[in-house]
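Here are my notes on the two-chain model you asked me to look over. Have it open while you read, and go through the points in order.

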Amino acid sequence: MERTLTVVPDDGLHARPAATFVETAGSFDAEVTVKAVDGNRPAVSADSMLGVTGLGVRGGDDVRLVAEGPDAEAALDALEAILSTPEDELDDMELP
Amino acid sequence: MTERRFEGIGATPTVGIGTVTWYRPTDVTDLDEPPAPDSVDAEAERERFDAAQADAEAELEAEREQTRERVGDDEAAVFDAHLQFLKDPQIEAGVDEAVDEGRPAPHAVMQAFEGPIEQFEGMEGMMAERADDLRDIRDRLLRLLTGTERTDLGSLPEGSVVLAELLTPSDTAQLDPDSITGIATAEGGRTAHAAIIARSLGIPAVVGVGDGLNEIVDGTEVVVDGEEGVVIADPDEAAQQRAEESTQTSVVEEAVETADGREIEVAANLGTPAEAEPAVDRGADGVGLFRTEFLFQDGSAAPDEDEQYDAFLSVCETFADGVAGDEDPRIVVRTLDIGGDKPIDYLDLDPEENGFLGARGIRLSLEEHADLFESQLRALLRVAATDAGAGLAVMFPLVSTVEELEAALDRVDSVAADLDSEGVDYGVPELGVMIETPASTYLADAFAERVDFLSIGTNDLTQYIQSAQRDLDRMTDYQDPLAPAVLRAVDRTVEAGHDGGAWVGMCGEMAGDPDLTELLIGLGLDELSMSAVTIPDVKSRVREVDTDDAEALAESVLAVDTLAEVRDHL
């Protein structure tokens with residue numbers, strides 16, 4: 001199962017959005033990977049802060065998420081929600 | 001021996017003298033050739049790694065706590081990041097893979113970190129600094145895996161100056177400010193981690209000296225001049241004397257007065273309760289500005305009334321216990337001052353709407369964040385009822401109209417009435433206005449009739465009087481508080497405040513410059529509040545001032561029309 005979407009937070013996958021993203025990815029029974037669509041880096045595990053921040057993804061970049069496992073769909077929904085939320089609204093979100 | 005000077009970047013405004021100890025951590029990355037893969041017991045190596053990882057975690061947690069206690073939460077956060085990277089699945093997978101290929105644990109660690117370090121090195125700005133963090137974590141694991149002894153920075157003899165290529169967060173966490181009189185590093189800038197911690201700990205530091213630093217050998221006597229940004233090896237008598245005078249600006253615990261007997265309160269500016277103890281140690285009479293934004297900047301939601309009560313009370317108690325003299329130390333708490341350059345994640349402030357000329361400071365407290373203001377006032381009035389809180393004072397930021405001030409005072413009254421009807425103990429503290437807008441300088445007389453004190457915030461006042469935004473580099477020429485327009489505004493504020501029966505203080509950067517102490521006394525200020533590090537210098541300066549001379553100086557400075565002439569007079 002995969003999904004391609006545009007990253008909304010200005011900072012991209014850094015700092016707080018990245019921390020929220022990684023934490024959320026780790027909370028599902030699913031293997032999720034993320035890759036920058038325009039980047040030449042290979043896909044990284046979505047529960048690795050190192051991998052995720054290392055992608056150098058900025059706001060406005062496209063990323064591809066691939067998920068496998070029982071919770072794959074729910075994981076993709078939650079991660080999509082995070083990447084579609086401006087950083088200053090992250091706290092109002094209901095996270096799993 | 002002739003003195004040798006090594007130029008760098010001053011990271012602290014202090015000077016120290018001591019004996020050099022070079023900190024050269026063993027290069028743990030220089031590993032022996034690995035044994036043949038089939039002779040390696042993968043399971044044993046995996047266990048070896050797990051044990052080292054667990055030890056590293058324990059060390060990091062201990063260093064985080066130590067840094068939190070000694071320095072503060074912000075500086076301790078770097079260790080959270082290290083803990084996260086230490087257990088990162090990508091690193092763990094990398095180690096696993098390398099062990100499976102028949103590599104011993106240390107070689108596996110080298111291999112697992114190599115890719116990520118290179119990757120971050122290639123990135124820009126903040127991300128490039130991550131490479132240093134990763135090296136620090138890797139070297140910690142390697143040290144534990146190879147059983148290399150850690151160079152102990154925590155137990156150096158008193159009067160040691162530590163020289164190093166670079167100090168990592170974990171190195172700096174060990175530094176003992178009581179025994180170390182200076183730090184100098186070949187690499188690094190003013191924002192390097194070591195520089196920030198050194199400033200917080202008050203250790204004289206010079207960074208970015210370059211390779212030349214290596215010419216100074218162990219045991220050499222050096223002066224570390226963080227003011228001038230220079231390291232002086234084998235200093236001549238004059239340099240030694242300068243250093244000794246600087247280090248000997250001894251702490252003056254008691255309240256000070258001028259040579260002719262005018263009492264001047266010398267207080268500290270605080271950003272967090274953790275800074276209270278160091279400020280007392282440096283001789284602060286009280287607190288002239290306790291910023292409350294820290295309570296709101298950490299975490300994801302506004303603090304409740306009780307959290308604020310605890311924070312304010314803890315500062316009052318630290319001063320009540322630590323300050324000599326019979327009077328209750330005065331603790332001026334500024335109500336929430338957000339907006340401008342101080343964003344809060346969860347309050348959703350707009351950079352334009354809430355910028356320097358938008359809804360910030362009291363404007364937000366009276367309108368959309370009235371709830372935060374109310375909980376803050378409730379906490380403050382409750383603290384004012386305690387023994388330790390007898391000297392509490394509350395100051396409103398960015399007031400520019402009398403209507404705003406009266407609205408704020410009404411809120412205080414209604415909070416007091418609420419607490420009264422709830423049967424909660426409360427007191428009404430001294431109330432005051434922070435003078436930082438041109439409007440407030442013109443209305444200082446009207447304010448003074450309504451409150452107990454005025455406190456001039458020179459940083460914002462300079463920005464607004466000079467119409468030059470604080471955070472723009474191109475505007476730095478305008479941002480000098482000695483500009484005649486700013487000095488005249490200060491002068492009229494002090495006079496109007498006194499006429500209205502209020503005491504008048506100053507809590508901007510300007511107040512902490514010992515070279516301006518005489519001028520500020522001449523302008524009539526009753527209180528000067530500054531970052532704790534300059535308190536001993538300012539207190540000793542106050543004692544030398546003669547009020548008549550100071551007033552003559554102020555008069556001559558107010559009579560000239562250009563910044564250059566002002567400087568000539570000083």
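Which residue just after H3(B) takes a positive phi? That would be Gly102(B), with a phi of about 95°. Before the rest, some housekeeping.

1. **Ground rules.** This is a predicted model, so local features need pLDDT of at least 70 and side-chain atom pairs count only at pLDDT 80 or more, while totals for chains, interfaces and linings use all residues. Residues are numbered from 1 along each chain as its sequence is written, and chains are lettered from A and ligands numbered from 1 in the order in which they are written. Helices (H or I, at least four residues) and strands (E, at least two) are DSSP runs, numbered from the N terminus.

2. **Helix H3 of chain B.** (The expected span is 1.5 Å times one less than the number of residues.) The buried residues of H3(B) are Gln90(B), Ile91(B), Gly94(B), Val95(B), Ala98(B) and Val99(B). "Buried" here is 20 or more other C-beta atoms within 10 Å of a residue's own, "exposed" is 12 or fewer, and "partly exposed" is in between, with C-beta atoms placed from the backbone. Those buried residues pack against E3 and H2 of chain A, together with helix H1 (42–70), H2 and H4 of chain B.

3. **Val99(B).** Take one residue of helix H3 of chain B, Val99(B). Val99(B) counts as buried because it has 25 C-beta neighbours inside 10 Å. Leaving aside neighbours within four places in sequence, Val99(B) is in contact with Ala42(B), Glu45(B), Arg46(B), Ala105(B) and Ala108(B); a contact is a pair of C-beta atoms, placed from the backbone, within 7 Å. Pro37(B) is 62 residues away along the chain, yet its C-alpha is 9.1 Å from that of Val99(B).

4. **Where the chains meet.** Eleven residues of chain A are in contact with 15 residues of chain B. On the chain B side, the elements giving two or more residues are helix H2 (73–86), helix H3 (89–100) and helix H4 (105–121). That side divides into eight nonpolar, four polar and three charged residues. For the bookkeeping, Ala, Val, Leu, Ile, Met, Phe, Trp, Tyr, Cys and Pro are nonpolar, Asp, Glu, Lys and Arg are charged, and the others, Gly among them, are polar.

5. **Helix H2 of chain B.** H2(B) has 14 residues and reaches 20 Å from first C-alpha to last, close to the 20 Å expected at 1.5 Å a residue. Its buried residues are Glu75(B), Val78(B), Phe79(B), His82(B), Phe85(B) and Leu86(B). They cover an arc of only 120° around the axis, which puts them on the same side of H2(B). The arc is that of the directions from the helix axis to the C-beta atoms.

6. **Chain A.** From the N terminus on, the elements run β-α-β-β-α-β-α. Of its 96 residues, 40% count as buried. An open sheet of four strands has the order E1-E4-E2-E3, with antiparallel pairing; strands pair if DSSP finds at least two bridges between them. Strand E1 (2–6) and strand E3 (44–45) of chain A stand at the edges with a single partner strand each, so one side of each is left without a neighbour in the sheet. Two bridges join strand E2 (residues 31–36) of chain A to E3(A), and Val34(A) has Val44(A) as its bridge partner there.

7. **Gly60(A): buried or exposed?** Exposed, because Gly60(A) has 11 other C-beta atoms within 10 Å. Gly60(A) sits in the loop between helix H2 (49–54) and strand E4 (62–68) of chain A. Not counting residues up to four places away in sequence, Gly60(A) touches Thr6(A) and Val7(A).

8. **Chain B's sheet.** An open sheet of eight strands has the order E1-E8-E7-E3-E4-E5-E6-E2 (chain B), with mixed pairing. Within it, strand E3 (residues 15–22) and strand E4 (residues 160–164) of chain B pair in the parallel sense over four bridges.

9. **Cores.** The largest nonpolar core has 94 residues, and those with the most contacts inside it are Val287(B), Ile331(B), Leu380(B), Val433(B) and Leu454(B). Such a core is a set of buried Ala, Val, Leu, Ile, Met, Phe, Trp, Tyr and Cys residues joined through C-beta atoms within 7 Å. A second, separate core of 49 residues includes Val34(A), Leu79(A), Leu86(B) and Leu134(B).

Technical notes: Two residues are in contact if their C-beta atoms, placed from the backbone, lie within 7 Å.
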